[in-house]
Structures are given as structure tokens and as C-alpha cells.
Amino acid sequence: MTLPKITAAQLGAAFPQLENVGTPRPGGQKLVFPCKLAGVKYAVKVLRCQQFDAAHTTSETMPLDVDYARAKREVAILQACNSHYLPKIGPLELTEFPHDGDRLLAFSEEFIEGPNLEELLARSGPLTEPEAIRLASNIVTAIAELWRLNKIHRDIKPANIMRRNLDGSYVLLDPGIAFDLVDGTLTAEGCIPHSPGYIAPEHTNPARKREADVRADLFLLGISLYEAVTGTHPFRERVNQSPVEIIQNILRKTPITPRARRREVSVGFSQLVMRLLEKKRHMRFRSCDHLQEALLKIEGASS
Amino acid sequence: MTFLVQHGYGKSDKIERALDECGASGVIYAPRSETPDSLAAYIDKLSRKPRCAIQLVDPQFYATTVPNGNMGKLIEYPYFRPDLSVRNFRAPRDITQMVGATLEFQRRLAVTHLCSPTIAIDAFNDRWSSIALNLASESIGFAAVMGDGRPLLVSLLIHEQALRSQEQLEEFLDELTDLECHGFYIVIRHEGGGFSQLLDPASVNGLLYAIHVLSEVNEFEVYVGYSDFISPLLHAAGATATASGWNNGLRRFSFARFEPQAGGRRAKPRYSSRPLLNFIPITPEFDAIAALRLTNAVISGTSYDRGFRSGTPSMLGWDDTTSALHHWQVLVRLISDTIAAGDTVGRLAHIEARISEAIELYRRLDRARIPFEVAAGPGHLSAWGAGLREFRAQVEREG
């Protein structure tokens with residue numbers, strides 16, 4: 001899917017209640033516009049709906065509008081969640097509107113000021129261990145909140161982890177491809193959506209997609225933590241490596257430990273990350289609480 | 001280290017003596033061998049004994065699928081329904097009813113742990129395996145609503161052959177480790193009623209791996225029933241507690257004793273040898289060992305067996321109760337020695353060395369032309385050793 005073609009001025013014209021609509025930045029398949037609503041800063045996300053040729057489809061053959069459904073799901077998930085480490089939904093509800101021959105969708109979220117982990121790493125290099133522990137603890141709280149609602153995020157990656165300038169906390173963004181273990185319709189065709197390089201081993205087999213649980217998200221958190229403390233992806237061996245090769249590595253290769261890449265990483269934290277990256281679900285942490293306990297132990301040991 | 005007495009028919013004062021004299025820490029009860037009232041009264045009585053730290057009831061619900069089975073007192077229990085087949089487990093409301101009745105019954109007892117009902121798993125990919133998981137999940141949900149507060153153990157009855165398929169076992173462990181229970185009560189089912197310590201290497205490896213994953217990796221408590229002489233190996237892999245009883249039927253689980261023609265010969269008097277990791281029949285084997293002045297090599301060194309050092313074993317009046325108490329003391333010492341060896345790697349190395357020593361001792365006895373009946377021989381040791389080495393290599397690979 002391509003990004004919507006709409007400017008800040010055009011968005012402001014479509015939604016007159018929006019003030020100070022700023023320059024957008026791309027966020028996955030969406031454009032994210034900073035703006036104000038009743039004086040409060042928000043992020044308005046805009047994405048394209050799928051286009052169907054109405055002349056050649058009937059109600060029976062009309063395919064599911066996956067993008068609309070995902071946006072709806074993202075909004076519903078965030079509305080149901082109550083965590084400082086997930087963005088809050090704003091006052092502009094999910095709205096479909098026509099623009100330049102396209103059907104677009106818009107909704108608002110809490111505006112989070114700060115860099116994402118990808119930008120942080122590019123700018124300042126690997127995080128210190130205490131900072132990585134903070135990141136892990138915040139994001140696992142967000143994962144636990146999603147899991148409380150029987151959902152897994154499935155798209156945890158550095159670009160989806162933001163650090164709030166306000167208090168330094170980390171926020172898990174974009175649960176748009178979250179998998180609802182009760183309702184699997186969005187992946188009914190067998191394709192498990194993911195960002196290249198960020199997929200749990202058990203998700204590589206579409207036939208078994210419904211067997212996944214929160215431990216898939218813990219695997220993805222493991223990849224992000226590995227990158228956070230080493231600056232490198234655990235399963236990417238070279239620049240421009242194909243996604244298929246990376247998946248093969250995810251399925252078969254044990255990465256070099258974080259400590260072997262960077263001596264500042266403690267043995268305990270290195271082992272924790274490697275445990276998150278275990279191929280077998282039963283070898284990872286069995287719950288978010290168990291991971292939090294392990295993080296506390298490492299924090300206690302280093303202080 | 002926790003060793004539990006596996007309760008069954010004919011307890012007399014053996015359990016209390018095991019708690020007082022042998023280092024046992026509790027009991028796993030078999031409703032089949034006790035009426036509901038006497039079971040409740042006995043559990044209540046032992047709950048006042050400080051040494052009896054753990055009491056749990058194996059609901060023995062799994063016996064329901066034995067057709068026309070010899071259920072003993074089990075049919076007097078309000079939760080037990082005989083002769084159920086797969087169709088009785090299809091409706092979720094039926095599962096809920098079975099689970100509810102089983103846990104409600106235990107709620108009224110002075111047990112320390114609640115134990116979920118289960119049915120026998122022959123292979124991890126068969127329909128019974130799914131039913132067992134449904135019973136487990138439903139039990140967890142029911143226990144949470146019940147709000148009893150006592151820890152819930154999910155019980156599992158697994159056929160030894162099922163443990164041979166590493167891939168299926170791993171997938172099953174993916175499911176088990178997703179359960180939000182306190183721990184597991186695991187029983188391994190063997191085929192036929194014959195007694196021996198034998199378990200093939202792949203099954204040993206599978207069992208050790210399952211215990212390791214559940215206990216050491218995922219921090220569940222793991223209780224293994226009917227485990228007898230293999231108990232030290234299971235503790236080496238991380239088992240929380242193991243158990244054994246006073247007769248063969250309480251030391252190795254099979255469905256034979258639930259079958260209509262159950263019953264059998266009384267076992268010959270036997271001596272549990274710590275160095276051999278097996279029993280020695282008093283006659284003719286131990287008499288022959290004593291005649292060749294090799295007693296010191298096989299003696300266990302417990303408070304019960306001093307007479308063996310100088311006398312002829314068959315003349316010592318070695319009765320069943322003393323034999324049982326001696327057996328438990330031997331197991332407790334074997335387990336303590338294993339635990340004292342430290343972490344998983346240390347414990348595995350310790351028990352591997354004990355197995356090698358036992359094999360060597362059997363060779364020495366063979367060279368001295370001591371005859372052993374098959375079940376008392378060394379056949380199990382090489383299988384345990386091979387399974388243990390396979391498991392140890394796997395643990396070391398995982399770091």
C-alpha cells in the first residue's frame with residue numbers, strides 16, 4: 001500500500017477543527033501529522049483505504065478492506081488499553097473521507113514528542129544497559145497490557161518504540177497488525193504480516209498462526225533489545241541481506257551474544273536477551289511478569 | 001529436596017513412620033485405596049504433623065477410560081464417573097462439570113495443593129492430549145474463580161512412548177508453559193504390569209527435558225509420582241518432588257491394576273541397594289552376595305540395614321514394612337546426594353557418575369557369578385545413562 005498523498009493544508013481543510021497542522025512524517029503505512037485539537041497537541045494518522053472497482057464487484061465478492069479493518073482495530077485496541085507505555089487515542093475518531101479520488105482514513109492519537117529507537121541508535125549509538133533495562137521494562141508493560149486483552153502486537157521493532165522527551169519513558173506504537181486471538185479474520189488468507197527482519201519463528205509458518213501467544217512479542221522485544229545494546233540486528237549479517245535470508249537466520253541461527261559484541265553489556269542482561277531470542281517458545285520467559293522479575297534482578301545486581 | 005510417599009492400599013503406619021524416620025516430606029494420595037471419609041480423616045490427621053509439609057490427592061480421574069475397570073473405592077467419590085469415552089469430553093459444559101466436581105471435593109480436604117483431573121495421554125498429537133489440555137485450562141480457570149488460594153498442580157498422565165518424539169514433546173511444552181498454574185503433577189505410564197526400572201533412553205531424555213523446561217526454565221513446581229529409583233535423575237533435571245510407595249504398583253505406574261483381572265503375586269522380599277540403584281531379591285541374590293562376602297559393596301548404609309553386614313540376609317526376618325521404610329530412606333539419601341552436587345550441570349555429572357559406578361558394580365557381581373533376575377539386573381542403567389548423556393549434551397548446548 002502506498003502512503004496517502006495529502007498535505008497539511010489539505011488535511012486542515014478536511015477537518016476544520018484541527019489547528020496548527022504540521023509537516024507529516026511517514027509512520028509505516030500512514031502519514032502522521034502533528035496538530036492541535038482544542039489547544040492540546042495530538043498526532044493525526046492518515047492512511048489510504050483499499051480501492052475497489054464497484055462496477056465489477058458485488059456485496060458477495062467485495063474483498064475485506066484490510067486497511068480499514070486494521071485502522072479500526074488499532075483504534076479499538078488503544079481505546080481499551082490503559083498504559084502509560086501505549087499511546088492514548090485522541091478526540092478525532094476514525095473517520096473516512098474522500099480526497100483527490102482516494103478514500104482516506106484519519107484518527108487522532110496522543111502526540112508523543114521524542115525520537116524513536118531507530119533514530120536514537122543512529123544519532124547516539126547503543127544505549128547504556130540501565131537505559132536498555134528501562135526500555136525493556138516499559139515495553140514489556142505495554143505488551144502485558146495488550147496480552148491482558150488477548151492481543152499480541154506482532155510489529156515490535158525500533159521504529160515502533162518511541163522515547164518521550166517529557167519523562168524519558170518508552171512507548172510502544174502502532175498496534176495496527178496486532179493479532180486478536182479470538183478474531184483471526186485479518187490474516188485469514190494465511191499471510192502473517194510483519195516488518196522484514198522482525199518476525200518470531202513460530203509466525204513464519206502461516207498454518208500455525210493461531211498457536212502464537214505473548215511469547216512471540218517477547219521474541220520481537222529481544223530483537224529490539226539486542227539492537228538497543230549492540231547497534232546491530234541479531235539476525236542480519238550484512239547490509240541489504242534479503243528478508244528471506246534473515247528469516248532463515250531467525251529460524252536456524254543462534255546470534256552472537258550481545259556481550260560478545262559489546263563488553264559493557266553484563267552477563268545477566270546478555271543472557272536475558274538471548275533467552276528472549278530462543279527459537280522455542282517454551283525456552284523464553286513464560287510471561288511478562290517473569291521477564292519483569294528477571295529485569296529487576298539484573299538491575300539490583302548492577303546497582 | 002522433597003520426597004513424598006505414594007499412598008495406596010494397605011498403608012498401616014508406614015506413612016507416619018516414613019515422615020518420622022525416613023525424611024519423607026509428604027504424601028500423594030490415591031482415592032482408589034481409601035473411602036472418601038477415611039481419606040479426609042487421614043489427611044486431616046497428617047496435616048497436624050509438622051513433618052508432613054505437602055499433601056495432595058491424585059484424583060485418578062484418568063482411570064475413567066479403562067473399560068469395566070477395577071476402580072476400588074474410586075467409585076465412591078462424588079467427582080468420579082466410570083467408563084467415560086471420548087464423546088463425553090466433547091461438550092465444554094461436561095469438562096467444566098468434571099473439573100468443578102474434582103476441585104470442589106479437594107477443597108474440603110486439608111491438602112496443601114489442589115490437583116486437576118486429567119486423562120491419559122498416549123501421544124502428544126492425539127485427541128486425548130487436547131482433552132488433557134482442556135481439562136488443565138478449565139481447572140486453572142475454575143481454581144481462580146473458586147478463590148481457594150492453595151496452589152494448583154495440573155496433573156498429566158503421559159505414556160512413556162510419547163516422550164520419545166522430541167518434536168511433539170516440544171510442541172506440547174509450548175502449550176504447557178503457557179498455562180498459568182503453580183506447577184505440574186506428572187505420572188509416567190508404563191505398558192503392562194511387570195515391574196522393572198527400565199525406561200528407554202529416548203524416553204529418559206524426553207522426561208528429563210520436560211522436567212528441566214518446566215522447572216528450571218519456566219519456574220513451575222514439578223512433582224513426579226511413581227518415580228522410584230529414577231527419582232535422583234529427575235531431581236538432577238530440576239524436579240521439585242518425586243514419590244514412591246510400598247509395593248511395585250506404587251513404584252511404577254501402569255493401568256494393569258485398574259484392569260478387571262488385576263491382582264497378582266506378593267513380591268519376594270527385597271533389599272534396596274543405594275550403590276546398585278536397584279533392588280536385590282533377598283533370596284537367592286543377596287544370600288549369594290553375602291556368601292561371597294561382597295555385602296559391603298552393595299549395602300545402603302541406612303539405619304535399618306545394620307544386620308546385613310554380618311548375617312545371612314534370608315535369616316534376618318526382613319519384613320515388608322521395614323523393607324519399605326528402608327527403600328524410602330535409600331531414595332531420600334540418593335536424592336539428597338544429587339541435590340548437594342549443586343547446579344543442573346553438577347547434579348547431572350553426579351548422577352552420571354553414580355550410574356557408571358552401579359554398572360561397574362554389577363560387572364563385578366557378574367564376574368563373581370551372582371545371578372540376578374531380569375528386573376533386579378543392570379538393564380535399566382545403560383538406558384538411563386544413555387538418556388542422561390543425551391539430555392546433558394542438550395543442556396550444555398543451550399548454555
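# Cysteines, salt bridges and a charged patch

Reader: A:Cys49, buried or exposed?
Author: A:Cys49 counts as buried because its relative accessibility is 2%. Buried means under 20% relative accessible area, exposed means over 50%, and partly exposed lies in between (1.4 Å probe, protein chains only). Areas come from the Shrake-Rupley method.

Reader: What should I know about the model and the numbering?
Author: This is a predicted model, in which local features need pLDDT of at least 70 and side-chain atom pairs count only at pLDDT 80 or more, while totals for chains, interfaces and linings use all residues. Residues are numbered from 1 along each chain as its sequence is written, chains are lettered from A and ligands numbered from 1 in the order in which they are written, and side-chain values use heavy atoms, with hydrogens and water left out.

Reader: How many disulfides are there over all chains?
Author: Zero, from a search of the whole structure. The cut-off for a disulfide is a pair of cysteine sulfur atoms within 2.5 Å. For A:Cys49, the nearest cysteine sulfur belongs to A:Cys35, 19 Å away. For B:Cys22, the nearest is that of B:Cys52, at 13 Å.

Reader: And B:Cys22, buried or exposed?
Author: B:Cys22 is buried, because its relative accessible area is 3%.

Reader: New topic. How many salt bridges over all chains?
Author: The structure holds 38. A salt bridge here is a side-chain nitrogen of Lys or Arg within 4 Å of a carboxyl oxygen of Asp or Glu.

Reader: What does B:Asp122 pair with?
Author: B:Asp122 forms a salt bridge with B:Arg189, with the closest N and O atoms 2.5 Å apart. The two are 67 residues apart: B:Asp122 is in the loop between strand E5 (120-121) and helix H4 (127-146) of chain B, and B:Arg189 is in strand E7. Helices (H or I, at least four residues) and strands (E, at least two) are DSSP runs, numbered from the N terminus.

Reader: Are those two ends buried or exposed?
Author: B:Asp122 is partly exposed, because its relative accessible area is 37%. B:Arg189 counts as buried at 8%.

Reader: Which residues make the negative patch on the surface?
Author: A:Asp289, A:Glu293, B:Glu175, B:Asp178, B:Glu180 and B:Glu219. Patch residues have over 30% relative accessible area and no salt bridge; like charges are joined within 9 Å, nonpolar side chains (Val, Leu, Ile, Met, Phe, Trp, Tyr) within 5 Å.

Reader: Where is B:Glu180?
Author: B:Glu180 is in the loop between helix H5 (166-176) and strand E7 (183-189) of chain B. B:Glu180 counts as exposed, because its relative accessibility is 65%.

Note on methods: Areas by Shrake-Rupley, 256 points an atom, 1.4 Å probe, with all protein chains shown as cover. Lys, Arg positive; Asp, Glu negative; His and termini not counted. Charge placed at Lys NZ, Arg CZ, Asp CG, Glu CD.
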